[in-house]
Amino acid sequence: MKPESSDKERIISNARVFVTGLFRDEYSGHDASHTFRTAALASRLAREEGADEFAVTLAALLHDVDDVKLSPETAEDLSRASEFMHGNGLDESLISTVCGIIRSVGFKGSDSVVPDSIEGKCVQDADRLDAIGAVGIARAFAYGGSRARPMHDPETPPRLNMNEAEYRSSRSTSVNHFYEKLFLLKDMMNTASAKRIAEARDGFMRDFIDEFLAEWAGER
Ligand code: ADP
Ligand code: NI
């Protein structure tokens, strides 16, 4: 089916209900609210960049449903996302476009890829914008807490330039996560709109870490 605009609204609304159910017991920074913020930002970027807003919003809503940390058994074939789309009558070509976007968005250290479509670029930028700034700071500490990791350990320096395997197996502190991932994201944005938003969020995050380390060291 090539969806009409009323079908699009229904499918987007079904996708919101679908992820709300899947992420019900998630408090690791990877919950339904992350998905909704990502979808809102991604559709804003899609409008600003002239991308296909429906494909972008749907891919953003489904981007974490087969995430390897939440659903390792479906991470390879994206079966939760594609069963949802089949169940909503979407045609094969749109399903494969959306699955292509989802596969290209994840952060994998130095193995991260730049999506080849503007739609993929919008979703990747939106997902990464939600990892930085005030919300990004909160997510990093929520994630660390959910994995029983220390907030900070001055004895353990950050590991820079990790590849995908190293990044996935890393058990770093929340503060190290800023150096290992969050401070790198500003320069990895694809679209002009996201670069502008990232600049402000990155500055806020750097001020926060500055203050955190000074307080930790008893200097302020
Ligand atoms: P996504 O798939 O949404 O891009 P991730 O799955 O990599 O994000 O991580 C979910 C959230 O948890 C993000 O905000 C991320 O910055 C944070 N996070 C991931 N790994 C760590 C870590 N080692 N320490 C602290 N926060 C982390
Ligand atoms: Ni995400």
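Helices here are DSSP runs of H or I with at least four residues, and they are numbered from the N terminus. The model is a predicted one, and the description that follows should be read with that in mind.

With that numbering, helix 7 spans residues 133-146, and it supplies three residues to the shell around ligand 1, the largest share of that shell. In total, 15 residues surround ligand 1, and the closest of them are His30, His34, Lys69, Asp127 and His177. When the shell is sorted by class, it holds seven charged residues, four polar ones and four nonpolar ones. As for its location, ligand 1 sits in the largest pocket.

Which atoms of the protein lie 3.1 Å from an oxygen atom of ligand 1? One is an N or O atom in the side chain of histidine 34, and another is an N or O atom in the side chain of lysine 181. Alanine 140 takes part through its backbone instead, where an N or O atom lies 3.3 Å from a nitrogen atom of ligand 1. Taken alone, ligand 1 would expose 550 Å², and the protein buries 94% of that area.

Helix 7 also holds tyrosine 143. Is this residue buried, partly exposed or exposed? Tyrosine 143 counts as partly exposed because its relative accessibility is 25%, a value that falls between the cut-offs of under 20% for buried and over 50% for exposed.

Between serine 71 and isoleucine 11, which are 60 residues apart in sequence, the C-alpha to C-alpha separation is 22 Å. Leucine 78 has a relative accessible area of 4%, so it is likewise buried.

The backbone of leucine 78 deserves attention too. Most residues other than glycine have a negative phi. Leucine 78, however, is not a glycine and has a positive phi of about 50°. Asparagine 161 is also not a glycine, and its phi is positive, at about 55°. This asparagine 161 lies in the loop between helix 7 and helix 8 (164-169). Is asparagine 161 buried or exposed? With a relative accessible area of 73%, asparagine 161 is exposed, since the cut-off for that class is over 50%.

A further loop, the one between helix 5 (92-105) and helix 6 (118-129), includes lysine 108. Why does lysine 108 count as buried? The reason is its relative accessible area of 16%, because a residue is classed as buried under 20%. The C-alpha atom of lysine 108 is separated by 6.7 Å from that of asparagine 163, although the two residues are 55 residues apart along the chain.

Key. Residues are numbered from 1 along each chain as its sequence is written. Chains are lettered from A and ligands numbered from 1 in the order in which they are written. This is a predicted model: local features need pLDDT of at least 70, side-chain atom pairs count only at pLDDT 80 or more; totals for chains, interfaces and linings use all residues. Side-chain values use heavy atoms; hydrogens and water are left out. A residue is near a molecule or strand if one of its heavy atoms lies within 4 Å of it. A polar contact is a pair of N or O atoms within 3.5 Å; within protein, one must be able to donate a hydrogen and the other to accept it, and residues adjacent in sequence count only if both atoms are side-chain atoms. Accessible areas come from the Shrake-Rupley method with a 1.4 Å probe; for residues, only the protein chains shown count as cover. On a 1 Å grid over the protein atoms alone, a cavity is a set of points where a 1.4 Å probe fits but cannot get out, and a pocket is an open set with protein on both sides within 12 Å along at least five of seven lines; lining residues have an atom within 4 Å of a point. A molecule sits in a cavity or pocket if more than half of its atoms lie within 2 Å of its grid points. Helices (H or I, at least four residues) and strands (E, at least two) are DSSP runs, numbered from the N terminus. Ala, Val, Leu, Ile, Met, Phe, Trp, Tyr, Cys and Pro count as nonpolar, Asp, Glu, Lys and Arg as charged, and the others, Gly among them, as polar. Buried means under 20% relative accessible area, exposed over 50%, partly exposed in between (1.4 Å probe, protein chains only).
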